[in-house]
Amino acid sequence: MRTYKLTVEYDGSKFSGWQAQLNARSVQGEIQRVADEIFGVEVDLQGAGRTDAGVHAIGQVAHIKVRSAKKELPTARLMRELNDRLPSSIAIVNCEEADPRFHARHDAVSRAYFYQISTRKAALSKRYVWWIKEPLDIPRMQECAAMIAGRHNFVCFRAADPSRPGESTTVVVNSAEIGVDEHLVVFRIEASHFVWKMVRRLTGTLVKVGLGEVSVEQFRGLLSGKKDPKCDVAAWTAPASGLFLEHIQY
């Protein structure tokens with residue numbers, strides 16, 4: 001058994017997400033197809049995190065496990081061959097041989113995402129931001145973002161995941177903050193794991209705070225797991241375009 005650890009960058013705009021699916025184009029499916037061709041056998045390919053349709057990554061991690069390949073490849077050559085055959089929207093930015101027991105998902109300690117909000121129209125980066133036309137109260141948004149760190153019940157920010165029935169909605173968030181870089185408002189969050197659509201729903205609700213449509217106390221209540229009939233969090237889910245998987249910690 002040989003195990004390779006890949007760091008993957010991708011533009012998720014034209015993919016149905018990371019995870020391989022029947023009758024849909026996925027990032028995992030593209031890498032799996034190419035890796036099978038290169039090694040001449042079906043490899044085991046797993047990613048550290050599932051990203052939804054339209055979500056991007058600059059630091060996704062995946063493993064390739066090969067039990068019996070027709071040829072053995074040094075990591076530099078494998079990386080070159082993968083990049084030569086993959087579509088331009090997927091890039092392998094690092095490839096290294098790992099311990100045979102390494103598992104990209106199971107061994108991950110935390111995952112970090114960032115979400116980009118633009119306060120002006122952006123012609124060149126419009127596929128990678130969410131344009132908010134109205135003025136935002138950034139200090140109020142930062143105050144609420146600071147509350148997110150710690151252990152919370154994120155039931156108000158979770159979409160039901162049919163593949164994980166009965167999943168706990170309690171998540172330990174290592175850090176959460178909002179920074180500003182000229183016209184970009186960037187929400188960063190790192191946690192042990194995330195429930196489905198949690199980051200996009202947090203982002204959408206933070207924007208509502210910035211627009212003055214949700215109070216700081218209402219946000220605090222949602223974080224405690226108390227559903228508020230005045231807060232339609234599902235309808236506020238931020239578009240996938242501004243979300244990036246930033247890095248995986250091991």
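**Close-up views of salt bridges in a predicted model**

**View 1. Aspartate 11 and arginine 127 form a salt bridge.** In this predicted model, the closest N and O atoms of the two residues are 3.1 Å apart. Aspartate 11 lies in the loop between strand 1 and helix 1 (27-39), and arginine 127 in the loop between strand 5 (110-118) and strand 6 (130-131), so the bridge ties together parts that are 116 residues apart in sequence. Aspartate 11 is buried, with a relative accessible area of 14%, whereas arginine 127 is partly exposed at 42%.

**View 2. Arginine 2 is joined to glutamate 97 by a salt bridge.** The N to O distance between their side chains is 2.8 Å. Arginine 2 belongs to strand 1 (residues 2-10) and glutamate 97 to strand 4 (residues 90-98); the pair thus links distant parts of the chain, 95 residues apart. Arginine 2 is partly exposed, its relative accessible area being 23%, and glutamate 97 also counts as partly exposed, at 43%.

**View 3. Within helix 2, arginine 85 meets glutamate 81.** Their side chains form a salt bridge with an N to O distance of 3.3 Å. Both residues lie in helix 2 (residues 75-85), separated by 4 residues, or about one turn of the helix. Glutamate 81 is buried, with 11% relative accessible area, while arginine 85 is partly exposed at 39%.

View 4. For the model as a whole, the count comes to 15 salt bridges.

Notes
Residues are numbered from 1 along each chain as its sequence is written. This is a predicted model: local features need pLDDT of at least 70, side-chain atom pairs count only at pLDDT 80 or more; totals for chains, interfaces and linings use all residues. Side-chain values use heavy atoms; hydrogens and water are left out. A salt bridge is a side-chain nitrogen of Lys or Arg within 4 Å of a carboxyl oxygen of Asp or Glu. Helices (H or I, at least four residues) and strands (E, at least two) are DSSP runs, numbered from the N terminus. Buried means under 20% relative accessible area, exposed over 50%, partly exposed in between (1.4 Å probe, protein chains only).
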